[in-house]
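Welcome, and please open your viewer for a short tour.

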Amino acid sequence: MKRIPAICTALLAAALLLTACKPQDSAARNDAVQPPRAEDAPSALPFAVGRLYDLSWSTVNPPTGCSDGAAFYSLRQLFITEESPGKIQSSWLIMRLDFETRTQAPLCSLPGCTHENADCPAYLCGILGKDDFALAAVEGQLYVLHAAPAEALEAADSAEASPTVWLDAAAADGSGRRRVAELPSGWTLMKSSFPVTDGASLYGQYLDLSDDSVHGVRIALETGEVTSFPFGLDDSEELLGAYGDQFILCRSDETILRIAYPGVIAPERNGLLWSRYGSYDTRSLLLYDPTAGIRTCRNNGLAQAGLSSIPYMLAQQGKLYYIPTDDFAVPQIVWQIDLLSDTARVLAEFPAPSADGWRSLEALQLCPAGPDSQEPYLLGSWWNGQNKFFLLDVRDGSVQEIGLRYKNSAGDPLCSRPVAQTDSGLWLVPVGRIDSADPWQIEQYLFALAAPETVISGEGEVFPIQMWESPQPLG
């Protein structure tokens with residue numbers, strides 16, 4: 001039997017709780033937001049939607065971050081303390097890596113700030129397993145998102161209840177940090193935070209723990225207004241991304257069954273459901289025009305690829321990509337499914353891997369997010385005793401291995417996978433990693449800038465970044 005519904009397991013994973021770290025201008029005006037009733041939902045959304053594009057959020061795990069073309073923003077662990085058995089508190093700083101000066105520093109413009117407590121606008125703190133933090137750069141502003149796992153929100157009446165989802169904004173130098181919006185208590189985010197924006201609003205999905213229903217949610221970045229809305233006639237559709245003026249949705253048997261059988265599906269029903277549906281896989285892809293209210297099924301490309309259901313895929317700029325990773329006896333094919341033309345093609349083909357090897361793909365977010373951002377590559381990973389990375393060109397299917405390497409503290413060679421691109425065209429890559437014996441301390445990375453051809457060939461000039469050093473050791 002497959003795992004529990006994918007839309008209910010795709011919560012932001014990780015680490016942290018905002019305790020005394022409340023930024024200024026906390027907004028409490030959204031508690032009255034009510035989820036829409038599907039039968040009352042109009043075909044078109046009741047607000048204007050601009051040109052949509054995908055938005056990638058960082059996580060607390062390095063070397064992830066976000067870029068605006070002039071700088072790279074990431075989270076750096078500062079202090080860790082064990083308040084009680086199993087209760088680990090961690091403090092973090094929002095870091096800004098300036099591409100022009102090639103220096104990293106906390107995102108703080110306060111003179112004489114020690115960056116050690118909530119007086120610093122770059123400071124965050126939390127409890128492991130109760131909270132998440134993520135960063136994204138949109139239209140010249142940096143946004144800090146806080147979300148809590150469902151387990152934390154289910155204990156909303158306890159003294160240690162986590163705050164609900166909130167969104168902060170700050171200027172590129174960290175000044176003017178403010179609370180943009182707070183989502184009502186009992187809501188938790190779905191998928192990768194808010195995966196879609198039009199530059200003026202964020203679009204995502206949330207799970208309402210009061211009735212396990214899923215709805216779309218929009219945050220207007222200027223006013224902080226939170227609007228709950230349906231993407232479809234019920235909550236069985238999941239937001240994958242966007243392209244142009246349309247949302248990309250998928251419809252899953254899992255969520256359809258969850259609606260038909262509210263609550264936990266009892267074990268005695270599993271045989272019946274399995275015999276009736278065959279699996280709980282996603283069955284349909286849709287494009288949804290939010291202005292015209294037009295929904296268009298896009299399953300022809302799936303049929304061309306010989307797929308009766310939708311496996312795990314990644315979406316990037318109106319196209320979906322899929323590579324099988326569970327069959328070592330056959331060549332591995334990379335399918336590219338174009339949602340606009342509803343066609344599919346074989347983008348690349350790899351020979352059958354050995355029994356202890358596999359390949360996987362992920363989206364490569366190098367350029368700053370924007371409607372005209374072009375990402376010509378996917379990042380591929382190949383394991384055959386060593387973890388190797390390669391770039392897959394989505395235009396012609398050509399493959400280029402990443403030749404630039406560095407060694408970790410154990411002497412193992414690691415690939416310098418690119419994580420961002422500067423406005424001048426250089427790539428930001430890790431060139432070192434500092435591991436820790438403390439299981440709660442997340443490793444630190446050293447970064448450098450290099451030309452793409454240097455990263456690919458492994459030969460050429462590399463420009464190291466002067467990394468910020470904490471004035472006090474982790475404790």
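Select Ile-248 to begin; this residue sits in strand S17, which covers residues 246–252. The model you are looking at is predicted. Is Ile-248 buried or exposed? Its relative accessibility is 2%, so Ile-248 counts as buried, the cut-off for buried being under 20%.

Keep Ile-248 selected and show what surrounds it. Leaving aside residues up to four places away in sequence, Ile-248 touches a stretch made of Glu-238, Leu-239, Leu-240, Gly-241 and Ala-242. It also touches Leu-286, Leu-287, Gly-318 and Leu-339. Ile-248 and Asp-289 lie 41 residues apart along the chain, and their C-alpha atoms are separated by 9.3 Å.

**Next stop: a sheet**

Select strands S7, S8, S9 and S10. These four strands form an open sheet, in the order S7-S8-S9-S10, with antiparallel pairing. Which strands are at the edges? They are S7 (132–138) and S10 (178–182), each of which pairs on one side only. If you turn the view, look at how the strands are set against one another: neighbouring strands of this sheet are turned by 25° on average, direction ignored. As background, strands of a sheet pair through backbone hydrogen bonds, either parallel or antiparallel.

For one of them, pick Leu-142 and look across to S9, where its bridge partner is Ala-170.

**Next stop: the surface**

Click on Val-462 and you will find yourself in strand S33, residues 462–464. How exposed is Val-462? Its relative accessible area is 30%, so Val-462 is partly exposed.

**Last stop: the whole chain**

Clear your selections and zoom out. How many helices and strands does the protein chain have? There are six helices and 33 strands. Of its 475 residues, 52% count as buried. The chain exposes about 20,700 Å², and carbon and sulfur atoms supply 51% of that area. Finally, consider the contacts in the chain with a separation of 6 or more: residues 24 or more positions apart account for 56% of them.

Technical notes:
Residues are numbered from 1 along each chain as its sequence is written. This is a predicted model: local features need pLDDT of at least 70, side-chain atom pairs count only at pLDDT 80 or more; totals for chains, interfaces and linings use all residues. Side-chain values use heavy atoms; hydrogens and water are left out. Two strands pair if DSSP finds at least two bridges between them. Helices (H or I, at least four residues) and strands (E, at least two) are DSSP runs, numbered from the N terminus. Axes are lines fitted to C-alpha atoms, for helices over the stretch in contact, and angles run from 0 to 180 degrees between N-to-C directions. Buried means under 20% relative accessible area, exposed over 50%, partly exposed in between (1.4 Å probe, protein chains only). Contact means heavy atoms within 4.5 Å. Accessible areas come from the Shrake-Rupley method with a 1.4 Å probe; for residues, only the protein chains shown count as cover.
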